[in-house]
Amino acid sequence: MTEHRTVELPEVTLAYRESGTPGAPPLLLLHALGERATDWDGVLPDLAPHHRVLALDLRGHGDSGRPGRYGLELMRDDVLGFLDALGLDRVDVVGHSMGGVVAYLLAQEHPERVGRLVLEDVPAPHPRPASPVAAAPAEPVDFDWAVVAAVKGQIDTPEPVWLERLAAIAAPTLVVAGGGASHVPQDRLAELAERIPDCRVVTVEAGHLVHHARPAEFVAVVAPFLDLADRTGGPPR
């Protein structure tokens, strides 16, 4: 059963969906740009059956507030406030694309708060050529279009410290790569894994949207990594 809940932070209300096993180790799911917590519904039942699963709508997305101020560090700080509000000292985190950036920013800034980390098709942060932001679509979307410009600007020109501080991540980490069909340069995923001390890469040839295009394969890779942590304290090798 999934419960729909909210947390009030000083600047924004965050909506989230809770499911799984009450009292079990908490697992936080962070979606990509333009998505929302329901993006995980296709894999959620099987992703981590031994966890209390919290799927969050990041600021400006879904049912969370749209304060008009956006950025990846703001989202990281929202996640920290969310964990504090729920009294969670330590969580496992799965992040896709933008949500993966938020996840590794949290893990490098507060390594003690992240037990296990899964990054789905997330590259090492390097500058890339900027391109214009598309105009807002005529049809309503489930997020504030202002998020696009704010986040894209940071992805195009990331803070140098993001790359430098990947070495501060203490969590055992799994990078799930989308392979040759992804628009994300796969050598940048390999570099990300090299810079995180305890990290490995598994490729699922699915493109950028791994958990959508190949849900069974995604679960087959990620669920054992998360579940084994609760039994042995180490990632599968």
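## Around Arg 52

Skip the neighbours within four places in sequence, and Arg 52 is in contact (heavy atoms within 4.5 Å) with Glu 18, Ser 19, Thr 21, Ala 24, Pro 25, Pro 26, Leu 27, Leu 86 and Leu 88. With one of these, Glu 18, there is a side-chain to side-chain polar contact of 2.8 Å. A polar contact here is a pair of N or O atoms within 3.5 Å; within protein, one must be able to donate a hydrogen and the other to accept it, and residues adjacent in sequence count only if both atoms are side-chain atoms.

Is Arg 52 buried or exposed? Its relative accessibility is 18%, so Arg 52 counts as buried (buried is under 20% relative accessible area, exposed over 50%, partly exposed in between, with a 1.4 Å probe and protein chains only). Arg 52 belongs to strand S4, residues 52-56.

## About the model

This is a predicted model, where local features need pLDDT of at least 70 and side-chain atom pairs count only at pLDDT 80 or more, while totals for chains, interfaces and linings use all residues. Residues are numbered from 1 along each chain as its sequence is written, and side-chain values use heavy atoms, leaving out hydrogens and water.

## The overall fold

The protein has 8 helices and 8 strands; these are DSSP runs, numbered from the N terminus, with helices (H or I) of at least four residues and strands (E) of at least two. Buried residues account for 54% of the 237 residues. Take the contacts between residues at least 6 apart in sequence, and 75% of them join residues at least 24 apart.

The largest nonpolar core holds 49 residues, and Leu 28, Phe 82 and Tyr 104 have the most contacts inside it. Helix H3 (residues 98-109) supplies the largest share of this core, with 8 residues. A separate, second core has 25 residues, including Ala 37 and Val 202. Such a core is a set of buried Ala, Val, Leu, Ile, Met, Phe, Trp, Tyr and Cys residues joined through side-chain atoms within 4.5 Å.

## A pair of rings

Rings of Phe, Tyr and Trp (its six-membered ring) pair if their centres lie within 6.5 Å; planes under 30 degrees apart are stacked, over 60 edge-to-face, and the rest tilted. That rule gives 2 aromatic pairs. Tyr 16 and Phe 82 form an edge-to-face one, 5.0 Å centre to centre with 75° between the planes. This pair links distant parts of the chain, 66 residues apart: Tyr 16 in strand S2 and Phe 82 in helix H2. Both residues, Tyr 16 and Phe 82, are buried.
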